[in-house]
There are 2 protein chains.
Amino acid sequence: MTISSTAKASLTDLSDVPLTFAQVGAACSQCNLRELCLPGGITPEEFARLDQLVSARRVVRKGDALFRHGDEFLSIFAIRSGTFKTRVNTLDGRDQVTGFQMSGELIGLDGIGTGSHACDAIALEDSEVCIIAYARLTELAAEVPVLQRHFHRLMSREIVREHGVMLLLGSMRAEERLAAFLLNLLQRMQARGYSSKEIVLRMTREEIGSYLGLKLETVSRTLSRLADDGLISVRQRLVCILDQARLRAMIENGPHSH
Amino acid sequence: MTISSTAKASLTDLSDVPLTFAQVGAACSQCNLRELCLPGGITPEEFARLDQLVSARRVVRKGDALFRHGDEFLSIFAIRSGTFKTRVNTLDGRDQVTGFQMSGELIGLDGIGTGSHACDAIALEDSEVCIIAYARLTELAAEVPVLQRHFHRLMSREIVREHGVMLLLGSMRAEERLAAFLLNLLQRMQARGYSSKEIVLRMTREEIGSYLGLKLETVSRTLSRLADDGLISVRQRLVCILDQARLRAMIENGPHSH
DNA sequence: CGACATTTTGAACCTGTTCAAAAACAGTGG
DNA sequence: CCACTGTTTTTGAACAGGTTCAAAATGTCG
């Protein structure tokens with residue numbers, strides 16, 4: 001369904017063949033997502049070098065994997081358009097969504113540790129990513145200190161983000177988890193210029209549930225309850241944040257106050 | 001109680017005054033934990049430069065903080081002896097233990113992202129850490145590629161470790177969480193040469209519970225049940241792994257099979 | 001030894017799960 | 001454009017695992 005028009009326009013058929021940098025023609029310095037991917041306050045000279053970071057692009061169709069658990073790690077990916085989920089899965093049927101990533105965010109950092117990816121990255125809608133060869137990244141980082149710092153910061157933030165998820169999974173009740181989830185999505189949408197209070201969920205209730213440590217029925221029921229209480233409105237994948245303050249209070253006032 | 005004799009011996013009173021490298025006298029190249037902290041397969045020349053990494057050491061007494069949420073980030077710490085917990089906490093009383101760290105492991109990576117620490121690191125017993133100034137680390141990493149790679153690997157592994165915790169918190173039952181927790185501790189003890197099946201828990205039931213997303217009573221009850229079933233024996237903080245295979249099966253055979 | 005913290009255990013309770021069925025929706029092909 | 005099939009979502013009712021509150025037992029440290 002909802003097809004990212006950028007992705008659709010840039011190529012029609014050859015989903016799996018990465019486009020080279022030359023073919024694509026556009027550089028990071030032109031990208032309107034650059035303040036999300038690249039360090040701030042860099043000189044024009046540094047800018048020119050950083051343009052060499054992205055070697056190619058790749059389109060990933062809805063439902064397809066950008067990479068899978070066990071795949072050799074060669075590159076990190078910056079999302080140009082679309083949405084992904086990452087998930088870990090075990091031999092037995094267990095799996096856990098570890099995050100949802102949107103444009104301007106990086107995927108693939110998990111692979112550095114062992115040289116092969118530790119999770120799956122699946123496109124939730126037709127998407128396009130910039131391919132950043134890790135070998136190239138390390139070369140450039142050694143020469144451009146600001147890039148090195150920036151990359152460290154990104155990894156560190158991912159660690160801190162996961163701390164937040166652990167807090168959520170370890171200490172919040174279903175209502176609070178959903179509130180935190182929705183507020184987080186809203187904040188990230190707003191950081192991308194979508195200032196409205198509307199969120200279009202790109203993932204199913206089951207995927208939300210996996211991420212939040214809840215069953216899909218609980219997600220559905222809890223959303224309904226939040227809607228009954230006038231905090232949000234829900235019509236299928238479209239969620240409106242009606243009372244942001246009260247949603248926030250819900251997670252800031254702690255486990256009490258039901 | 002149980003005092004790490006190394007820590008006790010190396011100084012007696014000046015807990016908070018870091019010892020400089022010169023005072024300490026011992027370098028990474030002499031440290032028996034080096035294969036845990038440093039990259040493998042490095043040349044003697046590289047070795048010499050990496051010895052400059054640790055600028056000083058510091059003793060942290062049981063219960064004291066190595067750093068706290070909000071503290072300025074300047075250094076990463078390598079644990080030389082002892083055990084720490086890291087925890088995030090919110091304005092309301094919520095807190096969540098995000099990990100337990102033992103000798104040879106790094107703490108403080110969370111601070112790189114924002115320049116100030118995002119969690120507390122508390123010593124669970126008298127401990128000693130090596131102080132690695134981040135500024136120095138970045139300098140050296142830019143010059144010594146193998147160090148840069150190694151550092152990236154460490155951060156990436158931390159991300160992957162947290163994925164595992166998310167899986168645990170999001171999809172496992174109490175018994176499985178405890179089994180996974182104990183097996184993880186055992187494996188890390190064994191990697192440090194403690195080949196016995198005995199584990200001395202350095203943390204309280206409440207801290208275990210916080211880490212595993214359970215109440216302390218549930219931790220206690222679940223340990224008792226595992227003991228009744230003959231999988232482990234529990235005497236206070238001393239846990240013996242009696243049937244490692246069955247413990248492992250418990251988490252590998254998935255949510256079925258109660 | 002005595003004060004305090006930690007751990008164990010019990011019983012009632014509650015939140016979220018499970019199983020089940022209906023409703024809403026999306027994509028396909030006539 | 002509409003009927004048809006399969007997927008996603010909602011809602012209900014019974015159930016279960018973990019929590020809560022409480023008290024006793026065990027350990028720890030000065």
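The same surface serves both copies, as 98% of the contact residues of chain A recur in chain B.

Because the model is predicted, local features need pLDDT of at least 70 and side-chain atom pairs count only at pLDDT 80 or more, whereas totals for chains, interfaces and linings use all residues. Residues are numbered from 1 along each chain as its sequence is written, and chains are lettered from A and ligands numbered from 1 in the order in which they are written.

Between the chains, 40 residues of chain A are in contact with 39 residues of chain B (contact: C-beta atoms, placed from the backbone, within 7 Å). On the side of chain A that touches chain B, two or more residues come from each of β6, α5 (134-143) and α6 (145-171). Of these elements, α6(A) gives the most, with 19 residues. This side of chain A divides into 16 nonpolar, 15 polar and 9 charged residues (nonpolar: Ala, Val, Leu, Ile, Met, Phe, Trp, Tyr, Cys and Pro; charged: Asp, Glu, Lys and Arg; polar: the others, Gly among them).

Chain A contains 10 helices and 12 strands (DSSP runs of H or I, at least four residues, and of E, at least two, numbered from the N terminus). Domain 1 of chain A spans 5-146 and domain 2 spans 172-252, with bounds from an automatic or database domain assignment. The contact between them takes 11 residues from domain 1 and 7 residues from domain 2. On the domain 1 side, β5 (83-89) and β6 (95-102) each supply at least two residues, and the largest share, 5 residues, comes from β6(A).

Of the 258 residues of chain A, 41% count as buried (20 or more other C-beta atoms within 10 Å of the residue's own, C-beta atoms being placed from the backbone). The largest nonpolar core has 128 residues, and those with the most contacts inside it are A:Leu66, A:Phe77, B:Leu66 and B:Phe77 (core: buried Ala, Val, Leu, Ile, Met, Phe, Trp, Tyr and Cys residues joined through C-beta atoms within 7 Å). Residues up to four places away in sequence aside, A:Leu66 touches A:Val60, A:Phe77, A:Phe84, A:Ile107, A:Ala121, A:Ala123 and A:Val129.

Conventions
A residue is buried if 20 or more other C-beta atoms lie within 10 Å of its own, exposed if 12 or fewer, and partly exposed in between; C-beta atoms are placed from the backbone. Two residues are in contact if their C-beta atoms, placed from the backbone, lie within 7 Å.
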